[in-house]
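Student: I have a protein model open and would like to talk through its fold. Could we begin with the overall picture and then go into the details?

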Amino acid sequence: MTSTTTLTGGLPVEHRERLMRVAREVSYAASVRLFEEGGRADRFWIRGTGTVTLDFRVPGRRAAVIESLGHGELVGWSWHFPPYLWHLGAEAMTPVRAWEFDAEAVGALCAQDPVFGRAVATWVGNVVAHRLHAARIRLLDLYGPHGSGSPL
């Protein structure tokens with residue numbers, strides 16, 4: 001997958017390599033919540049294997065799953081923007097292996113190297129735009145008139 005939401009599609013090789021130097025491998029069992037909407041966003045992940053879903057609270061209803069993430073995709077972007085609170089929730093739907101990053105450590109790398117920082121910011125911004133569009137379509141599919149969730 002070469003989408004701008006993946007690590008390989010979103011960052012040039014030299015920036016990917018630099019970012020991966022501060023990663024640590026983690027594993028999660030199925031049904032584990034990685035984060036909850038409104039919680040403190042102090043880390044993020046690049047999904048390796050397994051399925052992670054993103055969900056969105058809908059008042060008076062169950063949380064709506066808005067997207068399932070694929071290999072190499074960024075899990076969590078709220079760590080990059082004040083007030084550093086999760087805008088969505090995330091759950092491991094199957095056993096998941098991923099690379100975890102400490103937001104403070106990555107922020108320090110971005111501050112030390114403005115070119116690297118801009119590349120990370122552009123990548124995260126592309127992910128936010130993609131997730132906003134996906135959330136809109138999914139919510140229209142779930143709660144709008146028939147056919148209203150079609151892409152623009």
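Student: Among contacts between residues at least 6 apart in sequence, what share joins residues at least 24 apart?
Tutor: The share is 76% in this protein. A contact here means heavy atoms within 4.5 Å.

Student: What kind of model is this, and how are its residues numbered?
Tutor: It is a predicted model, in which local features need pLDDT of at least 70 and side-chain atom pairs count only at pLDDT 80 or more, while totals for chains, interfaces and linings use all residues. Residues are numbered from 1 along each chain as its sequence is written, and side-chain values use heavy atoms, with hydrogens and water left out.

Student: How many helices and strands are there?
Tutor: The protein has four helices and eight strands. From the N terminus on, they run α-α-β-β-β-β-β-β-β-β-α-α. Both kinds of element are DSSP runs numbered from the N terminus, with at least four residues (H or I) for a helix and at least two (E) for a strand.

Student: And the overall dimensions?
Tutor: The C-alpha trace spans about 50 × 35 × 30 Å along its principal axes.

Student: What percentage of the residues is buried?
Tutor: Buried residues make up 41% of the 152. Buried means under 20% relative accessible area, exposed means over 50%, and partly exposed lies in between (1.4 Å probe, protein chains only).

Student: On to the sheets. What is the strand order in the one that contains S3?
Tutor: That open sheet of four strands has the order S1-S8-S3-S6, with antiparallel pairing. S1 and S6 stand at the edges with a single partner strand each, so one side of each is left without a neighbour in the sheet. Two strands count as paired if DSSP finds at least two bridges between them.

Student: How many bridges does S3 make with S8, and how many with S6?
Tutor: S3 pairs with S8 (residues 96-102) over six bridges and with S6 (residues 74-75) over two. Phe 44 has Phe 101 as its bridge partner in S8. Towards S6, Trp 45 stands opposite Val 75, and Ile 46 stands opposite Leu 74.

Student: Why is S3 described as largely enclosed?
Tutor: Five of its seven residues are buried, so S3 is largely enclosed by the rest of the structure. Helix H3 (residues 103-112) also lies across S3 and S8, running at about 55 degrees to S8. For such angles, axes are lines fitted to C-alpha atoms, for helices over the stretch in contact, and values run from 0 to 180 degrees between N-to-C directions.

Student: What about the S2 sheet?
Tutor: An open sheet of four strands has the order S2-S7-S4-S5, with antiparallel pairing. S2 and S5 (64-69) are the edge strands, each with a single partner, so one side of each has no neighbour in the sheet. Neighbouring strands of this sheet are turned by 30 degrees against each other on average, direction ignored. S2 pairs with S7 (residues 89-92) over two bridges, and Phe 35 stands opposite Ala 90 in S7.

Student: Finally, which peptide bond is cis?
Tutor: The bond from Pro 82 to Pro 83 is cis, with omega near 10 degrees. Pro 83 is in the loop between S6 and S7, and Tyr 84 lies in that loop between S6 and S7 too. Tyr 84 has a positive phi, near 60 degrees.
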